[in-house]
Amino acid sequence: MFYFLTLPFKKAVIFLGSILFIILCIQLVDEGVHTRPNEYLIANKMSQISFSLFFFYVLFERGTEVFIDKSPLFWINTGILFYFAGSLFTTVMASEILSGPMPWLFHNIANTMKNTLIAIGLWKARQTT
């Protein structure tokens, strides 16, 4: 929803969301609801990372923000990028990471970073209004 509201290409966001939904449905039919849909999770995380990078491209291309660190959308998007990059790493490396001593440490760190960066973005939004 965030990228639908902030990116200029709304039809592309809807199209990619529809493709992800179809992938999820196919995987649930093939493997059932009691298994973890890894292909869908990887595709979803890669699409979120792509949207996030595209948002940065649009932000820099437009050049409307002189001080980018004052933009709330910059901080929120950075939080989303950190989370999905860390979550993608955790999903891809799950078999190696889950056998270690602290299985979800990297994912939890990425989630904490996301929450902190989104909080900074909301704080910046409050300052600008």
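Colleague: How many helices and strands does the chain have?
Modeller: Six helices and zero strands. Helices (H or I, at least four residues) and strands (E, at least two) are DSSP runs, numbered from the N terminus.

Colleague: Where does the model come from?
Modeller: This is a predicted model; local features need pLDDT of at least 70, side-chain atom pairs count only at pLDDT 80 or more, and totals for chains, interfaces and linings use all residues. Residues are numbered from 1 along each chain as its sequence is written, and side-chain values use heavy atoms, with hydrogens and water left out.

Colleague: Which residues of H2 are buried?
Modeller: Val-13, Leu-20, Leu-24 and Gln-27. Buried means under 20% relative accessible area, exposed over 50%, partly exposed in between (1.4 Å probe, protein chains only). Seen down the axis of H2, the buried residues fall within an arc of 70°, so they line one face. That arc is taken from the directions from the helix axis to the C-beta atoms.

Colleague: What do they pack against?
Modeller: Helix H1 (2-6) and helix H3 (38-62).

Colleague: And which exposed residues sit on the face turned away?
Modeller: Lys-11, Phe-15, Phe-21, Val-29 and Asp-30.

Colleague: Back to Gln-27. What is its relative accessible area?
Modeller: 7%. Leaving aside neighbours within four places in sequence, Gln-27 is in contact (heavy atoms within 4.5 Å) with Gly-32, Arg-36, Pro-37, Asn-38, Glu-39 and Tyr-40.

Colleague: What follows H2?
Modeller: Gly-32, with a positive phi near 90°.
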